[in-house]
Each structure stands twice: as structure tokens, then as C-alpha cells.
Amino acid sequence: MWPRTRPRVGRYVLPVPSHGFSIIAPYIQQAEADADTILETASAPATVPLQNGQQIQSIIFGNWKIGTWYAAPYPEEYCQLHTLYICEFCLKYMKSPFMTKRHKLKCPLKSPPGNEIYRDGIISIFEVDGRKNKIYCQNLCLLAKMFLDHKTLYYDVEPFLFYIMTERDTSGFHFVGYFSKEKRSGSNYNLSCILTLPIHQRKGYGHLLIDFSYLLSKKEEKPGSPEKPLSDLGLLSYRSYWRIAVLSEIRCFDKETISIAEIASRTCMTVDDVVSTLTNLDMLVKDSKGEYVIRYNVELVDECLAKFEAKKYPTIKPNLLRWTRYEAPKKTVVI
């Protein structure tokens, strides 16, 4: 339990459901230590066992050779290769360096085939429609499967939008990671799948992609949550993001009390995700009247946020977004 020195208390009476409330890390310091340990393991492909009799051991992606983690359902003739060559711009997969060299001479793309909706320095994010750019999105899903254990969608990409993060230099926009979301989600999911390539992990790009998905939710004016179940690394990344988002709102709130509903409204997180985060941080406790209240230590919250800010990860700047909400094309009825 957190020390009760200089507590601020906010009341929000809330019946606790019987699921989703296990206290994983009762202290912020322990949560950060767990995150560093798991991220260190996940970012080292040599420690991840290959699955399902995988034949493709590595990919050549731009100037990088990347060890793969899991099997991907490429056509059988490609699965027999030890190394697969992938164009970093159009994501076309090839068998040999010779084919790759020829492809580079005629590849029409230097950026993802969509609208650039965000740019901050060298970082850009493109929105790609799975219906308009089907081959690109299918190749993207195959690439992602080599680093995601739970991914099952490869070819049915038309109902999804893909948000591609890139780093820009004089030669083009180089793929860093992406997330996808359904065009129409009945469960208000704001993210279906997320990936940062291993060569770009530990730079804060996963946090940035998650933050961008919530920025879109704020523009849509509705709370969002990632599609379940999350992968182990995805769950870890979200818990880290939720922790920082909730603590940031608590610190900057200018009233003596704050409710869970207010935190959810300001962050566009769902109430369930806010409650789960507060529980994991051991900040949701019962008072003497048996009611649930938010209780926290000011110094520990400031210390946690200071550690995160010291990492100097890139942050989303909402004023740089140039985006309009997706609207399904209207069907024309001919009588």
C-alpha cells in the first residue's frame, strides 16, 4: 500500500465487478521494473523460440537484417527460404538480392500509399485504407505476423484502416510500425493490432502509436479501448501507457476531488480501463465508510512522471494532426 503522506482523496462510489481486478504491481516502481525486464526480453529475437516449424529465419528490410520471432503464412515457395527480402516502401516480398535490386529500380513508392495525416520532424503517420490498398495491407499483415504471436488476420483487410508510422530522410519514408482499427467497430475499439519493428523498439514509438489512437478517439468524441485479447507485449505497453495517462491527469487536475468518470472523459479511456489502472497502482481503496476512493501520494506520482519525462520519448502534438473521420461511401441505388 502506498504511504499516506500528503494524500489527496477523490470520491467515486463504484461497485467492483468480479473480473479484471487483479493487483499486478502495487507500486509504480515495481511496474516500471517489470516493464523494463519484459521489454528487454521481447526486443531480443535470439531469446524468442521459433514456432510451428518456421523456415524463414530472418528478413532483409532496407539496410537491416532482422531475426523473425514467429511463422507467417507466406506462400509455400517463400516459406522454404532461410532469408526473405522485403521492400521497405511497398512491402513486396522477394526471394533473392538480385530480385530486390531490380525491384528497387522500379518501385513506385517512397512512402506508404495513403494520406499523410501527421508530421512532426522526421516522424510521419499515414492513413491507409485496406479497401483501396489491399495488396499493401495484406503484405503488412504478413510482415507483422513474424513478430506477433496472436495475429490471425492476413487477407481480409478491407474493413480496416491502417495507420503507418515512418521516419523520413532524403531517400523516403521508412517504415517504423503501425496500428490498425476497424472502420466500424460495434464495441468502440480504437485499435485492433499494433506493431513496432524490433529495430525501432525502446524508442517510445509504441507509446506514441497508442497515444495517437487515443487522439483519434478524442477527435471522434467517444471513448476507446484496444481489441481483446492483447498480446503479452501489447498488454504491457498498454498498462504502461494507461499508467502515465491516468497519473498525468490526476497531477494536472485543479480540483480537490476527481472521479473515475472525469479521468475517463479527459483521456478518452473507458471506465473499465481507468479502474483497472488505478487498481494495478493500488490507488483504488475503501475508506472508513466502505466506499471506494482514489488515494495517492503526490511525491510518488511526480517521481513516476519525472522518470518517464526523463526518457525524452517523442510525444503526440494534437495541433499537427490533419485528419477527417472516415465516412463509408454512400451506395447509389439505380431504379
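Asparagine 115 has glutamate 127, in S7, as its bridge partner, and tyrosine 118 has isoleucine 125, also in S7, as its bridge partner. The model is a predicted one, in which local features need pLDDT of at least 70, side-chain atom pairs count only at pLDDT 80 or more, and totals for chains, interfaces and linings use all residues. Residues are numbered from 1 along each chain as its sequence is written, and side-chain values use heavy atoms, with hydrogens and water left out.

S6 and strand S7 (residues 123–129) pair in the antiparallel sense over five bridges, where pairing requires that DSSP finds at least two bridges between two strands, and where strands (E, at least two residues) and helices (H or I, at least four) are DSSP runs numbered from the N terminus. In the hairpin of these strands, which has two residues between them, glycine 121 takes a positive phi near 70 degrees.

The pairing belongs to an open antiparallel sheet of five strands, in the order S6-S7-S8-S9-S11. Strand S6 (115–120) and strand S11 (193–196) stand at the edges with a single partner strand each, so one side of each is left without a neighbour in the sheet.

The structure holds zero disulfides, a disulfide being a pair of cysteine sulfur atoms within 2.5 Å. The sulfur of cysteine 107 has its closest cysteine sulfur, in cysteine 87, at 3.8 Å, which is too far for a bond. Cysteine 193 is likewise in no disulfide, the nearest cysteine sulfur, that of cysteine 141, being 7.0 Å away. Cysteine 193 counts as buried because its relative accessibility is 13%, with buried meaning under 20% relative accessible area, exposed over 50% and partly exposed in between (1.4 Å probe, protein chains only).
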